[in-house]
Amino acid sequence: MARRALITGITGQDGSYLAECLLERGYEVWGLVRGQANPRVSRVRRLLQDVRLVRGDLLDQGSLISAVEKVQPDEVYNLGAISFVPMSWEQAELTGEVTGMGVLRMLEAIRVCSGISSSRTAAGSGQIRFYQASSSEMFGQVRETPQTEVTPFHPRSPYGVAKAYGHFLTQNYRESYGMFAVSGILFNHESPRRGAEFVTRKVSLGVARVKLGLADELRLGNLEARRDWGYAGDYVRAMHLMLQAERPEDYVIGTGRTHTVRELVEAAFAAAGLDWERHVVTDQSLHRPAEVDLLCADPKKARVQLGWEPSVPFEELVAMMVESDVKLLSEGGDPEQDSSWP
């Protein structure tokens, strides 16, 4: 009988790649959606015709219990979140409710549906395995570089704070109830499916517009911020591997190499045969209220214990995104409507 997985955030970048990954491995995949009227649902159905959908909302405990009872999953991947960091200052309460409290609600749904009481039980093979999408933004003002599974957190945004809450809660349920609950501390991971509001996609779309004569400049904020950027398709493989491990543990997932936003811009314009300095304008209004200047992963534990390695280098990833967006815009696609998806 096929293993069954339930994915929250199925309509996002990671949800789509994870669903593909699991379908290729013979899983029966279910995606949690807030309602069939969600415009992104049609996108998921177009890309992933074999994914089944179930209604549920990370803001509604009852709906999550109903979803888990209906699906009866072997594995739950909680990718749902308010994930655009700048928005988390504008909608801090909603970010806390979805990105933070949503983790609690999903863990409780699994606990209730599994019949786990307040007494601790061993993490057995028959229980639901839970993956929480933690984030490198939890490190924030970093205490050490590179960052490992034991590096202290100092989040610098409501998003990072909410992710830290969900991360510690996942640990707490693992230790309190014996649940097979793990967190993947994922560093920045991108793809042509990334939302248009994120800086990598903003850059690739900006380059495409300049290349096609649709714009002459690209406005960006802090060009010196450094990030550890990888390919989303690689990172969902790590999520799956974490839930196949013998013991539930947390893992840092990243490439271990950093690049500045300036280097991202240089690579993107070079991929299109353009000189970035002729088109990029820095805009102070685009800086974050509290900046995170340097994030760099130490993925040694994942490499040694899970056998995970990233496969797509930075320059190839950037060129892939630029090529995709040039094609999208040249065909009249609208990135705001997610038409960059297959």
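**Note on aromatic, charged and backbone features**

1. Start with the aromatic rings. F139, F153, F168 and F187 are joined into a cluster by ring pairs. The model is predicted. Across the structure there are eight aromatic pairs.

2. One of these pairs is F139 with F187. Their ring centres sit 5.9 Å apart, and the planes make an angle of 35°. That geometry is classed as tilted. The class follows because stacked needs planes under 30 degrees apart and edge-to-face needs over 60.

3. Where do F139 and F187 lie? F139 belongs to the loop between β5 (129–135) and α6 (158–177). F187 belongs to the loop between β6 (181–186) and β7 (189–190). The two parts are 48 residues apart in sequence, so the pair ties them together.

4. The cut-off for buried is under 20%.

5. The peptide bond leading from T145 to P146 is cis, and its omega is near 0°. Most peptide bonds are trans. F139 lies in this loop too.

6. A further backbone point concerns Q72. Its phi is near 55°, which is positive, and Q72 is not a glycine. Most residues other than glycine have a negative phi. Q72 sits in the loop between α3 (61–71) and β4 (75–78).

7. Now the charges. How many salt bridges are there? The count is 17. One network of salt bridges links R4, E28 and R52.

8. E224 and R262 form a salt bridge through their side chains, at 2.3 Å from N to O. This pair connects distant parts of the chain, 38 residues apart. E224 is in the loop between β8 (218–220) and β9 (226–227). R262 is in helix α9. E224 is partly exposed at 43% relative accessibility. R262 is partly exposed as well, at 28%.

9. The side chains of E217 and R219 also meet in a salt bridge, with an N to O distance of 3.0 Å. E217 has a relative accessible area of 41%, so E217 is partly exposed. R219 has 36% and is partly exposed too.

10. R247 counts as exposed, at 55% relative accessibility. E249 counts as buried, at 18%. The reason is the pair of cut-offs: exposed means over 50%, and buried means under 20%.

11. Last, the surface. Which residues form the negative surface patch? They are E263, E266, D275, E277 and E315. E263 is part of helix α9, which covers residues 261–271. E263 is partly exposed, at 30% relative accessible area.

12. See the cluster of F139, F153, F168 and F187. See the cis bond from T145 to P146.

How values were computed:
Residues numbered from 1 in each chain as written. Predicted model: local features only at pLDDT ≥ 70, side-chain atom pairs only at ≥ 80, totals over all residues. Heavy atoms only, no water. Patch = residues over 30% accessible without salt bridge, like charges linked within 9 Å, V, L, I, M, F, W, Y side chains within 5 Å. Areas by Shrake-Rupley, 256 points an atom, 1.4 Å probe, with all protein chains shown as cover. Salt bridge = Lys/Arg side-chain N within 4 Å of Asp/Glu carboxyl O. Lys, Arg positive; Asp, Glu negative; His and termini not counted. Charge placed at Lys NZ, Arg CZ, Asp CG, Glu CD. Helix = DSSP H or I, 4+ residues; strand = E, 2+ residues; numbered from the N terminus. Buried < 20%, exposed > 50% of the residue type's maximum accessible area, 1.4 Å probe, protein only. Phe/Tyr/Trp six-rings, centres within 6.5 Å; stacked < 30°, edge-to-face > 60°.
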